[in-house]
2 protein chains.
Amino acid sequence: MAAEEGQWVLMATGRSPTNIAVIKYWGKRDEALILPVNDSISVTLDPDHLSATTTVAVSPSFPSDRMWLNGKEISLSGGRFQSCLREIRKRAQNVEDEKKGIRIKKEDWGKLHVHIASYNNFPTAAGLASSAAGLACFVFTLGKLMNVKEDCGELSSIARQGSGSACRSIYGGFVKWCMGKNNDGSDSIAVQLADETHWNDLVIIIAVVSSKQKETSSTSGMRDSVETSPLLQYRAQTVVPERVLKMEEAIKSRNFESFARLTCADSNQFHAVCLDTSPPIFYMNDTSHRIISLVEKWNQSEGTPQVAYTFDAGPNAVLIAPNRKNATLLLQKLLYYFPPQDNDLRSYMVGDKSILSDAGLKSIEDVEALPAPAEMKTPSQKFKGDVSYFICSRLGAGPKVVTDESLALIDSVTGLPKGV
Amino acid sequence: MAAEEGQWVLMATGRSPTNIAVIKYWGKRDEALILPVNDSISVTLDPDHLSATTTVAVSPSFPSDRMWLNGKEISLSGGRFQSCLREIRKRAQNVEDEKKGIRIKKEDWGKLHVHIASYNNFPTAAGLASSAAGLACFVFTLGKLMNVKEDCGELSSIARQGSGSACRSIYGGFVKWCMGKNNDGSDSIAVQLADETHWNDLVIIIAVVSSKQKETSSTSGMRDSVETSPLLQYRAQTVVPERVLKMEEAIKSRNFESFARLTCADSNQFHAVCLDTSPPIFYMNDTSHRIISLVEKWNQSEGTPQVAYTFDAGPNAVLIAPNRKNATLLLQKLLYYFPPQDNDLRSYMVGDKSILSDAGLKSIEDVEALPAPAEMKTPSQKFKGDVSYFICSRLGAGPKVVTDESLALIDSVTGLPKGV
């Protein structure tokens, strides 16, 4: 439904990063409010490489709330979208746009409908926390449009109700989601531990792993774990609290050795709990295992962690290097075992492509000439095609308003997504 | 060194089964005595399909103890062999062979040396508990030769010092290894819960899974788990004791539903602890995961377990069906996904080959004509070559003396392995 003749459309556009947990969130104590069984800690990734952009438009001409994701209309009727919409509408304030001559009183927001268009600059189905970026952006941008004055903590609590891990995408840098104690979830919010400049030599390399298996969604997976894994509550109550304290200390002091050990151990324990679930959940596959072995053997041969790994609810490896040097060494090892299927090196590396030249890899011939990593004793079999592509990124900032109106995803005249 | 002219050689031959744990042993509280952190329960497999045969010979002409495994001489100097030899020698009694005119007084055993030849009727490196069968047979046969009077409990305690799980191979049927409390390990023995006739309609199908990965030995793997997994002690102290009670009850009452649920959950939890180890240990691979998914989906679609699965320290699946009917249905599903690489059906099924005709599979064409399992919704990709072969077996009896001297592995004249 387009805006009627003479009727206004008011819009806001925002961009929110994705995040990757280094102390994992797995298990809710309240399904409706999305309250977790333990604290979690994440790093926010550079939105230039992995983020959601969302435009929210409001117009008296819209007869209903509608949403489009990556150009395709999706239903807004789910409880999670509705929770976020309701919580932001509740906090809406007067809005005045003098240039356009638009005035919206806070009590009018309940009668107005919104159009929401969202777009991820990375594959949605790749298991790269697209819902975290998406729901954080949904809440952030809706809040901007409706002139919501609440601080980031409050916004994070609303985003949490859309998708648990989305609350951590409200900040840049290092973020802790405090599980909270209250039954109403009011203290289950995210806080920033340090911003993205605090430890800015970290380099992130993501191996997007090819998978033929249909994966268990994290929502149903963690429900099954809470109901059936005898190890989950022990992890949540006894193991994680200590790890959270150590991880905060490691981040504060930029202690990469401690950071890496905790990150790897916690990723593995999260997948152990998945395996302890009935029926068992397998998110990692043989390729994931090979990447872990490669990193573990390198770390062991050096006597101290060179790189950390972590895996979410899928087979993709997120690898964190303490500096550019280790990142290039890692990339050489990875490309030795996982050369590009179609020999096209440029499209095999997404994000910060300059890591390729730093690693001395300008052509496919350079990849083919890579020596086998010395620390790997097994015969050097290669696994071409088992990694779809790599992303090179770094830590990034939290949600931002996109002021350039040409970047809005909704047409300011029709009120509909551009190009639809 | 052959027996000298005119000098006698006295021999005994025994055969011992392998066993597969349904409540797993993972972690020692005493490395030297091999005392476990929890009780475990196993089923003994039919020795016709999976067993070790051992001949022990003694002669005054032998200048030293020597051992051959599958025709190849191996060192006996390891602490584990030495513990078993010492403990059995300690309990040796007078032996008299009237026919051969041989008399050995118990105090003379300490001066006599033995030759030991052992042979597994299944691949040693396939991760099918060959050391359990082998060490049980070593202790059992040595005990027979030396006229040791101790009961099975005492023998199990000696076999335990050779290889933990070997203590459970001293009995047939269903066996429990009680962890014990004493520091000297005297109460860490195996007991029989029920013999192999108690629940004799169970059918065992083993999928020997192809693997290119070098596996972590269970000895070093469980040491790493004890030292680094935060979940192991919780499993040992809190989860397993309850499961052991429930499993004993399930076996007693032949309750397959309970037996299957406990078996699968405990296999998965053992592998979860492996994953929680630093560096993580992966024994299962994508093929193992696919077999689990196949069984889980079938069980779910029927609403009650049709088959149980369990995996030891390797990728091989041990599948337990409650009866012949379920075993044939299982085999049809397995062969649909994992047809033989070389189209040779007969050599693809080892052990009780009659299961093939029961499943209506007389030729490779019958395998090719199998329908996709209805409960599997995903596109029916096949995985030819991912299983090396199958073994069909059943529950079996404990160690036995082999009286037919022609089956002895050592030449009674030379005192050396036959054919060496």
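1. Let us start with a single side chain: at a relative accessibility of 28%, Arg324(B) counts as partly exposed. Here buried means under 20% relative accessible area, exposed means over 50%, and partly exposed is in between (1.4 Å probe, protein chains only). By that scale Asp352(B), at 16% relative accessibility, is buried.

2. Before going further, a word on what you are looking at. This is a predicted model, in which local features need pLDDT of at least 70 and side-chain atom pairs count only at pLDDT 80 or more, while totals for chains, interfaces and linings use all residues. Residues are numbered from 1 along each chain as its sequence is written, chains are lettered from A and ligands numbered from 1 in the order in which they are written, and side-chain values use heavy atoms, with hydrogens and water left out.

3. Back to our pair: Asp352(B) and Arg324(B) form a salt bridge, with 2.9 Å between the closest N and O atoms. A salt bridge is a side-chain nitrogen of Lys or Arg within 4 Å of a carboxyl oxygen of Asp or Glu. Helices (H or I, at least four residues) and strands (E, at least two) are DSSP runs, numbered from the N terminus.

4. Which helices does the salt bridge between Asp266(B) and Arg235(B) connect? In this pair the closest N and O atoms are 2.7 Å apart. Asp266(B) belongs to helix 6 of chain B and Arg235(B) to helix 5 of chain B, so parts 31 residues apart in sequence are tied together. Both Asp266(B) and Arg235(B) are buried.

5. Lys246(A) and Glu242(A) form a salt bridge, their closest N and O atoms being 3.3 Å apart. They are separated by about one helical turn because they are four residues apart in helix 5 (residues 232-252) of chain A. Lys246(A) is partly exposed at 44% relative accessible area, and Glu242(A) is partly exposed at 48%. Elsewhere in the chain, Arg86(A), Glu87(A), Lys90(A), Arg91(A) and Glu154(A) are linked in a network of salt bridges. Over all chains, a search of the whole structure finds 40 salt bridges.

6. Now look at how chain A is divided: domain 1 covers 10-196 + 400-407, and domain 2 covers 203-393. These bounds come from an automatic or database domain assignment. Taken over C-alpha atoms, the centres of the two domains of chain A are 28 Å apart. Their contact (heavy atoms within 4.5 Å) takes 27 residues from domain 1 of chain A and 42 residues from domain 2 of chain A.

7. About 2800 Å² is buried between domain 1 and domain 2 of chain A, and carbon and sulfur atoms give 71% of that. Buried area is the accessible area (1.4 Å probe) that two parts lose on being put together, summed over both. The rule finds three salt bridges across this interface. Glu31(A) also forms a salt bridge with Arg223(A), with the closest N and O atoms 3.5 Å apart.

8. What about the two chains together? The contact takes 27 residues from chain B and 27 residues from chain A. The area buried between chain B and chain A is about 2500 Å², with 65% given by carbon and sulfur atoms. Between chain B and chain A the count of salt bridges is zero. On the side of chain B that touches chain A, the elements giving two or more residues are helix 5 (232-252), helix 6 and helix 7 of chain B. Helix 7 of chain B has the largest share of that side, six residues.

9. Finally, some backbone details. Most residues other than glycine have a negative phi, and most peptide bonds are trans. The peptide bond from Ser278(A) to Pro279(A) is cis, with omega near -10 degrees, and a cis peptide bond joins Ser278(B) and Pro279(B), with omega about -5 degrees. Ile34(B), which is not a glycine, has a positive phi of about 55 degrees. Ile34(B) is in the loop between strand 3 (28-30) and strand 4 (35-36) of chain B and is buried, at 0% relative accessibility.
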